[in-house]
Amino acid sequence: MKKFFVILLIVSLLVTLGTAKTKIQFWHAMSGWRIELLQNMANDFMEQNPDIEVEVQYTGSYQDTLNKLIAAIKAGTPPNVVQVFEVGTQSIIDGGIAVPMQDMIDKDPSFDIAALLPQVLNYYVVNGKLYSMPFNSSNAIMFYNKTMFEEAGLDPTKPPATYEELMEACKALTKKDANGNIIKSGITWNLHSWFFEQMLALQDAPLVNNNNGRTAPPTKALLNNEAGLKFVKLWKELSDNDYMVNTKKEDWTGARKLFLSQSVGMLITSTSDVSAIMDGAKENGFDVSAAFLPTPADSPQGGIVIGGGSLWMIDGNPDDEMEATWEFVKFMSETKQQIAWHKGTGYFPVRKDAITQLLNEGYYSEYPDHMVAILQLLFSKQNYNTNGAIMGIFPEFRNTFEDNIEKMLNGRMTPEQVLENTEETATELLEEYNELY
Amino acid sequence: MYMKTRKRIDTIFTEIILIIISLIVFAPLLLAITISFQTPDSVFSYPPKLFPTTFYFNNYINAFKAIPFARLLLNSAIIAVAITFGKVISGILAGYAFANFKFFGKRFTFAFLFATLFLPAETIMIVPLFLIMNQLGWVNTYWALTIPFMASATNAFLFRQHFQTFPAELEDAAKIDGAGPMKYFLKILLPLSKSMIAGVVIINFVYSWNMYLWPMIVSMEDKMKTVQVGVKMLISGEGTNNWGVIMAGTLIAVLPTVIVFLSLQNLFVKSLVRSGVKG
Amino acid sequence: MRKLLPYLLLIPTFFVIISFIYIPAFNSFKMSFFRENKFGTKTIYVGLDNFKKVLFDPEYLQIAGFTLLYVGLTVLITIFLAFLLALLLNKNVPGTYIYRALIFIPYAVSPAIAGSLWTFLLDPVAGHVNYFFTNIFGTQIAWLTTRPYAFYALLFATVWKMIPFSLIFYIAGLQSISNDLLESATLDGANAFTKTWKIKFPLVSPITFYLVIMNIINAMFKSFAIIDVMTKGGPGGYTSTMMYKVYLDAFSYQKTGPASAQSVVMFMIMAIVTVVYFVYGERHVHYG
């Protein structure tokens with residue numbers, strides 16, 4: 001055993017001594033076939049930059065990755081670049097562990113920030129500074145099973161656009177047996193607070209105070225509003241009528257399974273699933289299309305908030321590594337990589353020229369569903385509500401909201417109570433959080 | 001004659017109950033096997049299948065492609081063997097001390113050891129143990145994954161119980177033959193404890209192979225991940241539809257423990273019988 | 001030499017448990033009086049605040065109540081079923097070897113994998129269990145997302161995972177009961193029921209004593225992986241146990257202070273339970 005360790009140690013020493021390369025560590029949270037996609041990008045980068053070696057590490061889910069980052073910071077062995085989910089933004093800024101991307105951009109005239117989509121930048125710019133490099137951006141869209149639509153007598157070219165139409169469509173899609181058991185149902189989305197956040201922004205409503213935390217750290221939650229109530233009520237009504245099948249908390253795969261097994265006719269999920277859904281629909285023999293998220297007919301029009309992740313440069317690494325990291329981050333935001341990533345996953349490109357190029361190549365006439373999320377984003381009004389809330393307590397906030405939704409679905413809370421309680425608890429959590437920073 | 005029919009009815013009845021229970025207990029794994037051999041387009045067919053209808057081996061190949069299973073299996077094996085080895089030895093030594101010696105502080109040390117069972121080990125791991133690993137520079141090494149688990153109260157307890165079943169006369173006889181306590185331990189006690197050791201080896205191997213939270217926390221890089229972490233990578237893959245691959249991966253992770261367990265289970269039960277577990 | 005030897009024998013074990021259990025546990029105890037931000041850049045002393053927050057929180061008390069129910073029921077059911085199964089498997093009917101192997105297998109499966117397998121079987125629409133239920137009973141149940149079924153599902157999966165460990169010990173224990181004793185009981189006119197509960201069960205009581213405490217520890221501490229995979233403590237916190245809450249606070253939210261306070265509370269509860277159990281239980285154990 002000991003011998004093995006000694007040999008391992010010697011071998012690894014030799015490897016490090018033998019090369020004068022700058023080695024940087026890239027941690028990401030993209031599982032499955034996307035690991036290979038990222039590795040290929042890193043390989044391309046290393047070919048272009050033979051003096052830099054990028055170690056690509058899949059570090060588990062977004063939450064696991066953030067946990068590992070925190071652990072590594074405490075251990076004093078930070079990685080160089082980490083992909084963090086959008087709702088981790090405030091935590092990392094407060095932790096003071098990252099070099100703001102803006103600082104690197106200001107030093108490097110070769111990088112033009114105007115090439116990036118402003119709607120995406122609006123999320124990651126905090127206090128006038130771009131903190132992290134947008135990489136994989138998404139928003140929520142609605143997939144619908146055209147085959148099931150036809151069978152139910154619905155027009156497969158007219159997906160529901162309002163809550164009212166959604167209710168009607170779900171009613172038509174739902175089928176029960178003699179005992180009242182569901183054979184087919186209307187819709188599902190996994191039990192996730194993200195959809196609530198999206199639906200609030202779509203109706204131009206805030207989540208927290210201080211302009212959604214964008215002009216100062218938030219001190220109070222503001223989600224108990226009419227927009228929120230409309231969505232939560234819709235959720236309850238759909239579920240009570242068995243028009244909707246609910247999964248457990250944050251069960252993305254479970255919701256996708258319900259849709260791909262044709263147990264439900266519609267699925268609201270991230271656009272990052274678009275490739276997987278298209279392939280899955282083909283395997284299971286049905287036609288599918290993507291559509292915008294429905295909104296209440298009489299609500300003010302807002303816009304969608306972006307989701308997904310961005311790349312953070314972690315402080316505390318030697319200068320040469322910082323330089324190499326910046327090169328890598330820049331590379332990852334380039335047109336070629338953004339196009340490959342978009343095609344392979346469904347996350348939309350964060351650059352304007354990537355979209356133009358794809359359009360000219362005729363990509364979107366062949367894959368129109370890849371474009372739905374982009375259009376939905378471009379049609380969005382831009383203000384604090386649609387830029388998205390930032391706060392340090394996002395994971396707990398989401399858990400609180402999801403717990404309360406589950407209580408509502410089990411008849412132990414009314415939609416009003418869900419919002420009241422979530423707002424109260426979130427405000428308490430914010431107070432506790434602010435004491436520590 | 002009456003007794004014989006009764007016995008037969010009793011046997012048939014027992015058979016039926018055992019068949020039903022075995023089926024229920026085995027159902028999840030049977031399902032995993034079935035799905036792991038289905039082609040992607042037949043996973044969701046309704047009604048759900050209980051037995052494989054196709055033999056699609058590609059799922060296994062794809063599982064090996066999706067995550068570096070070979071490396072993960074090697075890591076898990078190294079870790080499980082190292083922990084088992086360390087834990088069994090420390091357990092035997094401590095068990096021998098508690099069973100065969102009278103010494104100052106015996107009751108206290110035993111209680112001190114036993115109390116560790118009531119500490120929620122997982123919480124201790126998440127922050128404080130991680131910080132200690134960090135001070136030692138062990139994060140992301142085999143040391144962190146093995147050394148902290150190389151002793152446990154359960155092992156010491158089981159071996160204490162076991163050694164207590166040997167009559168004191170045995171040691172006295174050895175003493176008369178001129179054997180010191182260590183010689184008696186190595187030449188007489190240990191050879192007589194082979195099957196008990198086998199049993200404890202199973203428990204420890206399964207335990208360390210299935211460790212989950214700690215490897216998640218302490219292995220930062222692929223080269224230190226274990227199979228359990230790998231399966232989690234497959235299952236939580238937000239873009240994964242392919243249940244065949246997930247189940248294939250799950251079975252690969254479960255197989256080593258099932259093999260170790262089934263091949264040694266008879267020995268294990270026998271050892272427990274011989275050691276007179278009843279008292 | 002003989003005087004020194006036991007101490008030498010204990011060195012490896014105590015080195016490990018002191019360095020890697022007691023020292024971190026002590027640090028954890030210390031942390032329970034502080035609150036710290038995620039990256040550990042600011043720490044404030046809060047006295048007993050973390051404890052107060054836990055003990056006066058109605059939600060936490062509800063979690064404690066559920067934990068009691070969950071641990072109590074899983075342990076009781078596990079012990080009872082394991083003993084009955086051991087009786088059946090010790091009859092040595094043809095095929096016993098296969099049955100035993102199949103029933104032992106869950107022991108080798110890790111809790112997280114066990115949870116995900118059951119999740120698949122319990123899928124509300126496409127799962128096998130509901131297919132069976134709809135066809136036999138004509139009902140369909142959302143096992144993992146509704147009260148009280150989420151609890152039943154969890155109970156079932158936990159017991160499934162825990163039975164083999166107890167079963168092994170009972171099989172061995174029953175095999176070591178001498179046949180003479182049972183035969184003489186038969187001659188005395190004891191029926192099967194009396195033989196089982198008045199003779200066999202008391203004779204294996206030392207095993208039961210050991211298994212109860214081991215199963216309590218398992219259900220209390222190790223079960224969070226099954227919960228995390230199957231129900232995530234839901235619906236609405238209904239199936240959250242104390243350990244799962246600690247896991248969330250410590251691992252998902254990095255609230256080390258409150259999590260440490262909860263750990264201390266759990267340790268106290270376990271210590272009290274154990275002392276009571278030993279004092280009361282030892283009297284009732286029948287050492288044959």
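Modeller: A polar contact here is a pair of N or O atoms within 3.5 Å; within protein, one must be able to donate a hydrogen and the other to accept it, and residues adjacent in sequence count only if both atoms are side-chain atoms. This is a predicted model, where local features need pLDDT of at least 70 and side-chain atom pairs count only at pLDDT 80 or more, while totals for chains, interfaces and linings use all residues. Residues are numbered from 1 along each chain as its sequence is written, chains are lettered from A in the order in which they are written, and side-chain values use heavy atoms, without hydrogens and water.

Colleague: How many polar contacts across the interface of domain 1 and domain 2 of chain B?

Modeller: One residue pair, both at pLDDT 80 or more.

Colleague: Where are the domain bounds in chain B?

Modeller: Domain 1 is 1–56 and domain 2 is 60–274, with bounds from an automatic or database domain assignment.

Colleague: What area is buried between them?

Modeller: About 720 Å², 79% of it from carbon and sulfur atoms. Buried area is the accessible area (1.4 Å probe) that two parts lose on being put together, summed over both.

Colleague: Which three residues of domain 1 supply more than any other three?

Modeller: Ala32(B), Ile35(B) and Ser36(B), with 45% of the area domain 1 of chain B buries there.

Colleague: Switching to chain B against chain A: what is the buried area?

Modeller: About 2700 Å², with 60% from carbon and sulfur atoms.

Colleague: How many residue pairs in polar contact there?

Modeller: Four between chain B and chain A, both residues at pLDDT 80 or more.
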